[in-house]
Amino acid sequence: MDCSICSSLPVILRPPRNTICVSCYDGAKCVINLINKLQNDRKPTNNNVSPVSPIGSSCKTLTNASKWIIDLKNREDELEDKINFLAQFTAAFRHQIHTDIQLNPGSPASPSISAHRALLATRSEIFKNILDSDGCKAAPTNSTITLPELSHEELESLMEFLYSGDLGEEKVKKHVYSLALAGDKYEIPYLQKFCERYMLKWLNCESALDVLEVAEVCSCRALKESALDFIVRNMEEIVFSSGFEAFALKNPHLSVQITRASLMDARKNRPNSSS
Ligand SMILES: [Zn+2]
């Protein structure tokens, strides 16, 4: 096929044709659809200051594709500047500049962590309430909050996330369950969403029971359904794993739900599984 876009023949040797191969045609269609989708998705959230001007109402040709890509690239650069600007608060935490509250982990032997009341209050409604109620009684400089369920390391990771909105993958791997529970307890939806994404990404036979347990405690329906579905699909491996017995003793109601889901699944698949 002599495609006028991707043919390796030099232009001067090629007869002037208007043919286009299937790959180029599909690719062009995909780009146009993507641009239209992005354009439509962006409209409702347009209340913030986005200097990118939308290109026309609906994109029908590829004329604007490169402009769109440049716009997106510019937006990415701006967001990066913004993130760097906001990250200065993280530095204030790291270098302990003007901290005004102490956070204690569960174990009294572990050292406390200094933080900023204003940041805690903006990140979590629960912290805000604690600080509001304690503000009139205690002098701000020596007040403390104890997070009894967290170890020192977990508390450190929680603070790092609250300041920077992110956490290294290694730390997430290590503390994702305790952070998800903290996100639920202290009402930090962004942290919950963050942990949920990782739990889904790493869902496997080893983690499925833990994820199910956390999803149940945090009342996270979508995550619970995914974990339950995964367990049902890998029933044999999970039920005979070493952790299942302890899980079943600790979570009898979830064990019942696993059994029921598994039976429902078997019933659903039996009549159709003639293939
Ligand atoms: Zn082509």
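Helix α10 (residues 221-233) has 13 residues, which at 1.5 Å a residue should span 18 Å, and its end C-alpha atoms are 18 Å apart, in agreement; the expected span is 1.5 Å times one less than the number of residues. Helices are DSSP runs of H or I of at least four residues, numbered from the N terminus. The model is predicted: local features need pLDDT of at least 70 and side-chain atom pairs pLDDT 80 or more, while totals for chains, interfaces and linings use all residues. Residues are numbered from 1 along each chain as its sequence is written, and side-chain values use heavy atoms, without hydrogens and water.

The largest pocket has a volume of about 500 Å³. A pocket is an open set of points on a 1 Å grid over the protein atoms alone, where a 1.4 Å probe fits, with protein on both sides within 12 Å along at least five of seven lines; lining residues have an atom within 4 Å of a point. Of its 19 lining residues, Arg123, Tyr163, Ser164, Gly165 and Asp166 are the closest to the centre. Two or more lining residues come from each of α2, α3 (88-94), α6 (152-164) and α8 (189-201).

Asn84 lies in helix α2 (residues 65-86). Its C-alpha atom is 10.0 Å from that of Ser164, 80 residues away along the chain.

Terms used. Points joined across faces, edges and corners; volume = space filled by probe spheres on them.
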